[in-house]
Amino acid sequence: MREFLVEITTSVPAAVTEEQVTERRAAEAVRARELAATGHLARLWRPVGEKRSIGVWRADDEAELREKVLGTLPLRPWMSLTVTPLESHPNDPGRV
């Protein structure tokens, strides 16, 4: 699988109730655990003081990542994404 740096900003529409947000966030946590277990979600961070996340995600290609991985997230309709394909750097200390 290839790796991708994905920046996610979630903006909840004004018409959405707090109950709907709570339900989707709970479903999002479950789905994230499932994607981590299958190797699609490698790491996930939230910059201090910000409401966005930055993660390393894995898929066979960008189309699969967008459709079959990120597209399955319950909060996806409210997300804006920036996807950057990654490749190994020769000086990466974690390179195998």
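**View 1. Valine 6 stands opposite glycine 55 in strand E3.** The model is predicted, with local features requiring pLDDT of at least 70, side-chain atom pairs counting only at pLDDT 80 or more, and totals for chains, interfaces and linings using all residues. Residues are numbered from 1 along each chain as its sequence is written, and side-chain values use heavy atoms, leaving out hydrogens and water. Strands (E, at least two residues) and helices (H or I, at least four) are DSSP runs numbered from the N terminus. Strand E1 and strand E3 (residues 52-59) run antiparallel and are joined by eight bridges; strands pair if DSSP finds at least two bridges between them.

**View 2. Phenylalanine 4 has proline 85 of strand E4 as its bridge partner.** Eight bridges link E1 with E4 (residues 79-86), and the two strands run antiparallel.

**View 3. Glutamate 7 belongs to strand E1 (residues 2-10).** Its side chain forms a polar contact of 2.8 Å with the side chain of arginine 52 (a pair of N or O atoms within 3.5 Å, one able to donate a hydrogen and the other to accept it; residues adjacent in sequence count only if both atoms are side-chain atoms). Serine 53, 46 residues away in sequence, lies 5.8 Å from glutamate 7, C-alpha to C-alpha.

**View 4. Glutamate 28 is located in helix H1 (residues 18-37).** This residue is buried yet lacks a salt bridge, the nearest side chain of opposite charge being arginine 24, 7.6 Å away. Buried denotes under 20% relative accessible area (1.4 Å probe, protein chains only), and a salt bridge places a side-chain nitrogen of Lys or Arg within 4 Å of a carboxyl oxygen of Asp or Glu.

Key
Buried means under 20% relative accessible area, exposed over 50%, partly exposed in between (1.4 Å probe, protein chains only). Lys and Arg count as positive and Asp and Glu as negative; His and the chain ends are not counted.
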